[in-house]
Amino acid sequence: MEASSIAMTLTLPYTKTQSFQILNRPISPFNKPGPTFKPQRHRNHFPTITAAISRGRKEETVDTVREQLENCYLLAGINYKGFTVKQFQELRKTLPETTKLIVAKNTLVYKALEGTQWETLKPCMKGMNVWLFVHTEEIPSAIKPYRDFQKEKKLEDNDFTGAVFEGKFYGPDEFKKLETLPTRAEIYSTLLGSLKSPASALVGTLQAPARELVLVLKAYVKKLEEEAAAAAQ
């Protein structure tokens with residue numbers, strides 16, 4: 001009984017070799033291989049989001065330009081190709097508070113100008129421009145800081161590309177006219193001189209361009225207000 005039990009145990013051994021042979025059977029060349037599973041890749045939706053953000057920034061730029069056009073007396077383009085970041089920062093510090101410097105693409109700027117008196121600035125819509133918005137009637141004093149900066153940094157190639165003043169376009173070769181416009185003090189002095197001179201001098205003042213005439217009248221009104229205030233004290 002014991003011998004037969006031992007014999008049965010010996011005839012039915014379990015070996016790792018047999019298990020290995022069963023699990024590693026050779027693949028029949030006549031069997032078709034099963035389908036290969038490939039994980040699906042999810043499409044990347046980031047480009048759509050990026051495009052939406054970009055579109056939003058463009059609209060924001062157009063709105064910014066339109067805001068700057070309010071109470072704007074002059075809009076000029078400056079060729080800033082080759083400007084360094086440091087130079088641009090220094091330039092902004094030299095400008096008075098009555099001016100605003102904005103970097104924006106020509107297409108976006110023109111989109112904001114279309115249908116307004118400023119669209120005559122279209123000849124400037126090429127190359128690399130930075131845009132100078134002047135919010136004061138004192139045009140020469142608003143332009144002068146850039147002229148001084150241009151000379152100091154030797155930026156002869158970075159000149160004004162053009163400007164619009166009172167609906168008229170001024171090319172680079174016409175900027176001298178803008179830079180030599182009379183200041184408020186000069187117009188005020190002219191008015192006082194005209195009032196003390198013969199009628200012919202006053203007529204000459206009244207025949208001046210519309211802008212100068214308006215400034216003259218404003219200066220005169222201001223003078224009368226100051227005299228009235230002084231008399232009331």
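Which residue in β3 is the bridge partner of Val-103? The partner is Val-130. The legends below start from this pairing and work through a predicted model.

**Figure 1. The open sheet has five strands.**
Their order is β2-β3-β1-β4-β5, and the pairing is antiparallel. At the edges lie β2 and β5, each of which pairs on one side only. From one strand to the next, the twist averages 20 degrees. Helix α4 (residues 85-94) packs on this sheet and touches β2 and β3. The direction of α4 makes about 160 degrees with that of β2. Helix α6 (residues 139-152) lies across β1, β2, β3 and β4. It runs at about 170 degrees to β4.

**Figure 2. Strand β3 pairs with β2 and with β1.**
Five bridges hold the antiparallel pair β2 and β3. Strands of a sheet pair through backbone hydrogen bonds, either parallel or antiparallel.

**Figure 3. Both faces of β3 are buried.**
Asn-129, Trp-131 and Phe-133 point one way from the strand. Val-130, Leu-132 and Val-134 point the other way. In a regular strand the side chains alternate between the two faces of the sheet. Six of the six residues of β3 are buried, so the strand is largely enclosed by the rest of the structure.

**Figure 4. Thr-99 sits in strand β2.**
The strand spans residues 99-103. Is Thr-99 buried or exposed? Thr-99 has a relative accessible area of 9%, and buried means under 20%, so this residue counts as buried. A polar atom of the Thr-99 side chain lies 2.9 Å from the backbone oxygen of Pro-96. Beyond its neighbours within four places in sequence, Thr-99 is in contact with Leu-132, Phe-133, Val-134 and Ala-142.

**Figure 5. Strand β4 pairs with β1 and with β5.**
β4 covers residues 160-165. Five of its six residues are buried, so β4 is largely enclosed by the rest of the structure. With β1 (residues 74-79), β4 forms an antiparallel pair over five bridges. Gly-77 stands opposite Gly-162 in this view. Three bridges join β4 to β5 (residues 168-170), also antiparallel. Phe-169 in β5 is the bridge partner of Val-164. β4 and β5 form a hairpin, with two residues between them. In the turn, Glu-166 has a positive phi of about 55 degrees.

**Figure 6. Helix α4 has a buried face and an exposed side.**
Which residues of α4 are buried? They are Gln-87, Phe-88 and Leu-91. Seen down the helix axis, these residues fall within an arc of 100 degrees, so they line one face of α4. They pack against β2, β3 and α6. On the other side of the helix, Val-85, Lys-86 and Lys-93 are exposed.

**Figure 7. The largest nonpolar core has 24 residues.**
Leu-74, Leu-132, Ile-139, Phe-160 and Leu-178 have the most contacts inside this core. β1, α4, β3, α6, β4 and α7 (175-179) each give two or more residues to the core. Which element gives the largest share? Helix α6 does, with five residues. In soluble globular proteins, nonpolar side chains tend to be buried together.

**Figure 8. Phe-160 touches residues from several parts of the chain.**
Residues up to four places away in sequence are not counted here. Its contacts include Ala-76, Gly-77 and Ile-78. Phe-160 also touches Leu-132, Ile-143, Tyr-146 and Arg-147. Pro-172 and Phe-175 complete the list. A second, separate core has 19 residues, among them Val-65, Ile-102, Ala-104 and Leu-121.

**Figure 9. Helix α5 is largely enclosed.**
The helix spans residues 106-113. Six of its eight residues are buried, so α5 is largely enclosed by the rest of the structure. The buried residues are Asn-106, Leu-108, Val-109, Tyr-110, Ala-112 and Leu-113. Gly-115 follows α5, with a positive phi near 80 degrees.

Notes:
Residues numbered from 1 in each chain as written. Predicted model: local features only at pLDDT ≥ 70, side-chain atom pairs only at ≥ 80, totals over all residues. Heavy atoms only, no water. Buried < 20%, exposed > 50% of the residue type's maximum accessible area, 1.4 Å probe, protein only. Helix = DSSP H or I, 4+ residues; strand = E, 2+ residues; numbered from the N terminus. Polar contact = N/O pair within 3.5 Å; in protein donor to acceptor, adjacent residues only side chain to side chain. Contact = heavy atoms within 4.5 Å. Pairing = 2+ DSSP bridges. Axes fitted to C-alpha atoms, helices over the stretch in contact; angles between N-to-C directions. Arc of directions from axis to C-beta. Core = buried A, V, L, I, M, F, W, Y, C linked by side-chain atoms within 4.5 Å.
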